[in-house]
Amino acid sequence: MKNISVIGSGTMGNGIAHVFAQAGYEVSLIDINAAQLEKAIATITKNLDRQIAKEVITEKQKVATLKNITATTDISSGVKNAGLVVEAASENIDLKLKIFQTIDETAPVGCILATNTSSISITKIAAVTKRPQLVIGMHFMNPVPIMKLVEIIKNPATTKEVTETIVTLTKQLNKIPCVVNDAPGFIANRILMPMINEAIYSLHEGVAGVEEIDTIMKLGMAHPMGPLQLADFIGLDVCLSIINVLHDGFQTPKYAPCPLLVEMVSKGKLGIKTGEGFYEYTTGNKDLIVSKAFQ
Ligand code: NAD
């Protein structure tokens with residue numbers, strides 16, 4: 001396996017392309033949005049520069065990594081030589097089903113089709129392809145170049161060989177694989193998202209302010225980031241999509257999204273990527289500043 005295609009070049013896609021290219025794979029980075037692809041290459045370059053500053057890589061490795069990445073808006077040509085496709089497009093089931101139908105028709109026979117979905121059923125995604133045995137979840141964590149874990153999700157048809165191939169590949173990226181079965185939210189988000197939703201409910205009900213909630217969870221539970229800051233980091237739209245998948249999947253009210261989260265997403269306050277969420281990100285100040293709406 002030499003060629004990897006990554007579909008979607010947003011928060012996760014650029015990081016996934018980065019780590020595969022750095023490990024020596026030829027990466028085809030695909031997005032429907034050409035401007036987003038340019039932004040992704042700029043982000044990868046900036047993150048490689050950070051790695052140079054920290055003496056993790058050399059200038060020569062940076063050049064080699066960037067040389068391994070080709071950006072394209074054409075999905076069919078982008079996957080035609082792939083041994084593995086990692087889909088990291090927006091968290092929307094209809095979109096993902098459409099992408100998997102397309103790549104099943106265009107990717108080589110035998111190519112493994114992985115998805116970086118945070119919560120959507122791998123079984124449902126596999127079912128729209130003619131190769132469910134080659135479909136698997138490869139759930140990287142954000143920020144991809146830094147976080148060690150990759151949650152690997154088997155669907156009932158995934159073969160042992162495919163799971164083993166992905167486990168080996170993950171280790172080659174210097175990451176740690178954890179294999180789980182397919183269920184809504186898998187493990188990471190089944191546990192994380194109810195905590196974030198509960199933090200938003202606590203704010204919504206006036207139990208405490210943004211800073212208090214995050215400080216309690218940071219200092220009290222030794223979390224590196226409070227749940228509201230983490231939600232801004234992940235993207236509030238992504239959080240809402242995942243909570244909705246848990247709600248629909250388990251059919252229990254305990255996963256109902258907090259109305260404040262729904263409202264913020266509908267207003268386009270999505271966290272870091274739009275400059276405002278529970279905190280403000282437009283001031284250029286490195287300190288965390290609580291958004292005016294919650295001061
Ligand atoms: P994002 O919104 O930052 O990026 C999504 C990208 O997909 C955009 O650049 C968009 O242009 C592109 N896209 C949309 N439709 C496409 C299509 N048909 N073909 C090609 N590209 C298309 O989203 P993200 O945060 O990077 O999330 C991507 C996936 O990774 C989602 O499934 C999400 O659940 C998962 N994920 C996100 C995080 C996180 O912290 N943000 C963590 C783990 C997993």
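Q: How many aromatic pairs does the rule count here?
A: The model is a predicted one. In it, the count of aromatic pairs comes to four.

Q: What describes a pair of aromatic rings?
A: Two values do: the distance of the ring centres and the angle of the planes. Take phenylalanine 20 and phenylalanine 140. Their ring centres are 6.3 Å apart. Their planes stand at 70 degrees, so this pair is edge-to-face. The cut-off for that label is over 60 degrees.

Q: Which parts does the pair of phenylalanine 20 and phenylalanine 140 tie together?
A: Phenylalanine 20 belongs to helix α1, residues 11–22. Phenylalanine 140 belongs to strand β6, residues 135–140. The pair therefore ties together parts 120 residues apart in sequence.

Q: Where is proline 143 found?
A: Look in the loop between β6 and β7, the latter spanning 149–154. The peptide bond leading from asparagine 142 to proline 143 is cis. Its omega is near 0 degrees.

Q: What is the phi of glutamate 55?
A: Phi is near 60 degrees. That is a positive value in a residue other than glycine. Glutamate 55 sits in the loop between α2 (34–53) and α3 (59–67).

Q: Into which domains is the protein divided?
A: Domain 1 covers 3–181, and domain 2 covers 189–292. Their C-alpha centres lie 26 Å apart.

Q: How is the size of an interface often given?
A: Often as the accessible area lost when the parts come together. Between domain 1 and domain 2, about 600 Å² is buried. Carbon and sulfur atoms give 59% of that area. On the side of domain 1 that touches domain 2, two residues are nonpolar, four polar and one charged. Seven residues of domain 1 contact seven of domain 2.

Q: How many salt bridges and polar contacts cross the interface of domain 1 and domain 2?
A: The rule finds zero salt bridges there. Two residue pairs are in polar contact across this interface. Both are at pLDDT 80 or more.

Note on methods: Residues are numbered from 1 along each chain as its sequence is written. This is a predicted model: local features need pLDDT of at least 70, side-chain atom pairs count only at pLDDT 80 or more; totals for chains, interfaces and linings use all residues. Side-chain values use heavy atoms; hydrogens and water are left out. Domain bounds come from an automatic or database domain assignment. Contact means heavy atoms within 4.5 Å. Buried area is the accessible area (1.4 Å probe) that two parts lose on being put together, summed over both. A salt bridge is a side-chain nitrogen of Lys or Arg within 4 Å of a carboxyl oxygen of Asp or Glu. A polar contact is a pair of N or O atoms within 3.5 Å; within protein, one must be able to donate a hydrogen and the other to accept it, and residues adjacent in sequence count only if both atoms are side-chain atoms. Ala, Val, Leu, Ile, Met, Phe, Trp, Tyr, Cys and Pro count as nonpolar, Asp, Glu, Lys and Arg as charged, and the others, Gly among them, as polar. Rings of Phe, Tyr and Trp (its six-membered ring) pair if their centres lie within 6.5 Å; planes under 30 degrees apart count as stacked, over 60 as edge-to-face and the rest as tilted. Helices (H or I, at least four residues) and strands (E, at least two) are DSSP runs, numbered from the N terminus.
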